[in-house]
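I opened the model to look up a handful of side-chain contacts. My notes follow in the order I made them.

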Amino acid sequence: MECWKSQHVSFPPPPAAPERTEERAMCQEHEDEQINIYCVTHSVPTCSMCQVFGAHKDCEVAPFKSTYQTQKTELTDGIAMMVGNNDRIQGIISQLEETCKTIEENVRRQKSQLCEKFDHLYSILEERKRDLSSKVAAEQEEKLNYIRGLTMKYKEHLELSCKTVETGIQTMEEPEMAVFLQTVKYFLKRIGEASSTSHLEKVERGYEAMDHYTVNFWREGRALHSIDFISGRKRKSW
């Protein structure tokens, strides 16, 4: 084992090391100076010359590496939050899609009951049946259009959130601290915006219920022309 360690130490340094040194960001004001310090006052990376003699000489500064680690940790936490938030949004989308199915099933059931009752008096109730069926269909269309539109909004928000997560992960993989610090503030702002769903509407409880379109023929044929859906029925709450 000691022999192996000795051989490993004797290996030449990896060829990628000098390439990373060449890629270090340089100060625009002092072209020979590498960006190696972080200005807390202005939230930007800068060089030692700028701190001593330049635009940031009166600013509060922080060690480059510690600032890098702090903001990378913040980005990591933000991405983790986004992943959890995306899972929650996906759950809402699944619930919305299930709500569509429930509405469609309730509509089919209520239409079936409606038709069964009308069939007993079909000869004189055909015209009225069409009127009442159109009311059910109108609310079906209204509800399904609303749920489908809301589902599309959640899908669009989820797509945006996923793209933000992917971009954030790519930013985390940036090996150069200066380049990372130059871009992380923007992505942290994007994460804050994409993680909020306050602008998205929520479906009220019992929205999928359709049992307020129930009929029951208590009156005789002399009152058939005044038939309407039973009034006074309240929606069931969840």
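**Thr-214**

I began with Thr-214, which lies in the segment after H6. Helices here are DSSP runs of H or I with at least four residues, strands are runs of E with at least two, and both are numbered from the N terminus. The model is a predicted one, in which local features need pLDDT of at least 70 and side-chain atom pairs count only at pLDDT 80 or more, while totals for chains, interfaces and linings use all residues. Residues are numbered from 1 along each chain as its sequence is written, and side-chain values use heavy atoms, with hydrogens and water left out.

I looked up the accessibility of Thr-214 and got 19% relative accessibility, which counts as buried. Buried means under 20% relative accessible area, exposed means over 50%, and partly exposed is in between (1.4 Å probe, protein chains only).

Which side chain does the side chain of Thr-214 contact? I found a polar contact with the side chain of Gln-110, at 3.5 Å. A polar contact is a pair of N or O atoms within 3.5 Å; within protein, one must be able to donate a hydrogen and the other to accept it, and residues adjacent in sequence count only if both atoms are side-chain atoms. A polar atom of the Thr-214 side chain also lies 2.8 Å from the backbone oxygen of Asp-211.

**Aromatic rings**

I searched the whole structure for aromatic pairs and got one. The pair is Tyr-146 with Tyr-207, and it is tilted because the ring planes stand at 55°, with the centres 5.4 Å apart. The rule takes rings of Phe, Tyr and Trp (its six-membered ring) with centres within 6.5 Å; planes under 30 degrees apart are stacked, over 60 edge-to-face, and the rest tilted.

The pair links distant parts of the chain, 61 residues apart: Tyr-146 is in helix H5 (residues 122–172) and Tyr-207 in the segment after helix H6 (177–194). Tyr-146 is partly exposed at 27% relative accessibility, whereas Tyr-207 is buried at 12%.

**Lys-143**

I then noted that Lys-143 lies over the face of Tyr-207, 5.1 Å from the ring centre. For this, NZ of Lys or CZ of Arg must be within 6 Å of the ring centre and within 35 degrees of the ring normal.

Lys-143 also forms a salt bridge with Glu-139, the closest N and O atoms being 3.1 Å apart. The two are four residues apart in helix H5, so about one helical turn separates them. Lys-143 is buried, with a relative accessible area of 2%, and Glu-139 is buried at 11%.

**Other salt bridges**

How many salt bridges does the structure hold? I counted five, taking a side-chain nitrogen of Lys or Arg within 4 Å of a carboxyl oxygen of Asp or Glu.

One of them joins Lys-155 and Glu-97 at 3.5 Å, N to O. This pair links distant parts of the chain, with Lys-155 in helix H5 and Glu-97 in helix H4 (residues 64–120), 58 residues apart. Lys-155 is partly exposed at 38%, and Glu-97 is partly exposed at 33%.

Another joins Arg-108 and Glu-105 at 2.9 Å, N to O. Both lie in helix H4, three residues apart, about one turn of the helix.

**Cysteines**

I looked for disulfides, meaning pairs of cysteine sulfur atoms within 2.5 Å, and the count was zero. The closest cysteine sulfur to that of Cys-59 is in Cys-39, 3.8 Å away, so it is too far for a bond. Cys-59 is buried at 18% relative accessibility.
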